Amino acid sequence: MLKECRSLSLWTNMCKFTTNAGMGPPLENVEGVFSNTGWYATNQFAVDVIFSNRMKQYDCLTNDSSLAAAIFVPFYAGFDIAKYLWGYNISRRDAASLDLVDWLMKRPEWKIMQGRDHFLVGGRITWDFRRLSDEEGDWGNKLLFLPAAKNMSMLVVESSPWNANDFGIPYPTYFHPAKDADVFVWQDRMRKLERKYLFSFAGAPRPGNPKSIRGQIIDQCRGSKVCKLLECDFGESKCHSPSSIMQMFQSSLFCLQPQGDSYTRRSAFDSMLAGCIPVFFHPGSAYTQYTWHLPKNFSTYSVFIPEDDIRKRNGSIEELLSQIPPEQVQIMRENVINLIPQLIYADPRSKLETLKDAFDVAVQAVIDKVTRLRKNIIQGRTEYDNFVEENSWKYALLEDGQREAGWHEWDPFFSKPKGESSGDSSTGSSAEAAKNSWKNEQRDQK
C-alpha cells in the first residue's frame, strides 16, 4: 500500500503523509507556536502507519506465538478502505478484508483462541468498516461485521457505542516527541501561557444537518468579547494551518468540541495538547470513546454541556464557563496538561524513556483485555452478567467489580429509533462524516 501511496486517496497525495514513519513532513516553527523539534504535518488518518512503526520498536515482541500475550495484525485497514470508498463496487471494497480473514483463519496461532487474542488498527472512524447491507449504494466495507473480525479487537479513531469489537484510540496530533525531555518542556510551556480568551472554537457550521448545534455555537462565539473563532468554511481557511489552530488553542482557557459529522474530532486532541480544557456537548465525543486514554471522571479534565441546552438556549456558554471558579479552572488545566503524554504518539523512530504514549496505553489495554479473557475461559466464567452488545458503550464506564450495565443518564444520547439494528441510526451521519473527511482533505491541498 505504501509503495502505491499516490492511489491511497482519490483527493490527497498521501505519499507526503506516509513519510517519516507516518508522521508526515516536519512543520517549520516560523511563528514560534511549536517546539523546534518533534512537530509534523500529520494526517488525521495516518495512525495505521504510525502504530505499525511504533510496534516495531516495542520491547516485548516475540516470534513465538505460544508466548504472546496478544497478536498484532499489521494490516492498514484505514488505508485499504480509503482507497476504495469512492467509485468502487462492494466486492472491490471488501476484497482485502475477506483475503485478510481467510489468511488469518488458516494460521496456527488463530486456532488457539479463534482470533480473540488478535488486534489490528484502522485509522479511520468505525462507520467506514460497518456496511450494513450488500447494496452497492451503502457506505464502506463490511470488515467489522465479518464473523472472524467480531472475535478480533479493532482500534479505530472513533468506535461504535453499540458494538463490542472496536475500541477508540486518539487521533494523531502534530506533536511526536523523540524523548521525554521534549514532552516535559512542552508541558511546562503550556502551564505558563497567558490565555486571553475564555473560550474558542475552530470549525464550520453544518447547515445541511438539522441536528447540528454548530450554528448556535458559532453565533454565541461571535457575540462574545471573550471568544476566539476560527471559521472554516470561507475560502482560504486558517483551519488547515496547524500553526493558526495551535495558536488559538494556546491562547484559550476552554475549547469547544461539538460533534463534527460523527461523534469525534481530531481537534479535541489538538486542544488538549495545547493545555486547553475541552468542552464537550455529547458523551460520544470523548467519554464513551477513549476510555483507555481519558479518566472515567470526565469532570476532572473537561466540561460537559448537553446539546439540548444549546438547542433550547438554556443559558449562554460564556456564562456557564465564567461561573467556574478560577482555582477549579487551574486544577482542570493541570489535569489536561498531565494527560498530554498518553494522548500523543511518540516518534516511531526513537523511544521515550519513562513516559507512556497513546500507543503504549493502547497496547497495554489490549493485553489486559486478552489476559482477562483467558482467565475467564480457564475459570469457566464471563466478564459480565447478561452482556448486551447494544449497550457496549456502558461497560467500559462500569466501576471495578461491577458486572452488569443498567440504566445510565446518557441513555437518551445513544437510544435508537425502534426497529433499527445496531448502527443503523448512525449510517446516514457516518456516510456524511466520511464524505466530509475527503472534503477537508481536498481543502488541505489547496
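Cys 5 and Cys 15 form a disulfide, with their sulfur atoms 2.0 Å apart; a disulfide here is a pair of cysteine sulfur atoms within 2.5 Å. The structure is a predicted model, in which local features need pLDDT of at least 70 and side-chain atom pairs count only at pLDDT 80 or more, while totals for chains, interfaces and linings use all residues. Residues are numbered from 1 along each chain as its sequence is written, and side-chain values use heavy atoms, with hydrogens and water left out.

**Disulfides**

By the distance rule the count comes to 3 disulfides. The table lists the sulfur separations and the torsions.

| Pair | S to S | Torsion about S-S | Hand |
|---|---|---|---|
| Cys 5 and Cys 15 | 2.0 Å | about 95° | right-handed |
| Cys 221 and Cys 227 | 1.8 Å | about -90° | left-handed |
| Cys 255 and Cys 276 | 2.1 Å | 110° | right-handed |

Helices (H or I, at least four residues) and strands (E, at least two) are DSSP runs, numbered from the N terminus.

Accessibility was computed with a 1.4 Å probe on protein chains only; buried means under 20% relative accessible area, exposed over 50%, and partly exposed in between. Cys 5 is buried at 11%, and Cys 15 is buried at 17%. Cys 221 and Cys 227 are both buried, as are Cys 255 and Cys 276. Cys 60, in turn, has a relative accessible area of 57% and is exposed.

**Packing of α6 and α12**

Helix α6 (residues 180-192) packs with helix α12 (residues 326-343) at an angle of about 165°, with their axes 10 Å apart. The axes are lines fitted to C-alpha atoms, for helices over the stretch in contact, and angles run from 0 to 180 degrees between N-to-C directions. The two helices α6 and α12 are therefore roughly antiparallel, a term for angles over 145 degrees. The crossing of α6 past α12 is right-handed, that is, the near helix is turned clockwise from the far one by less than a right angle.

On the α6 side, the contact (heavy atoms within 4.5 Å) is made by Val 183, Trp 186, Gln 187, Met 190 and Arg 191. From α12 come Arg 333, Glu 334, Ile 337, Asn 338, Ile 340 and Pro 341. These contact residues divide into 6 nonpolar, 2 polar and 3 charged. Ala, Val, Leu, Ile, Met, Phe, Trp, Tyr, Cys and Pro count as nonpolar, Asp, Glu, Lys and Arg as charged, and the others, Gly among them, as polar.

Notes. Parallel < 35°, antiparallel > 145°, perpendicular 65-115°, else oblique.
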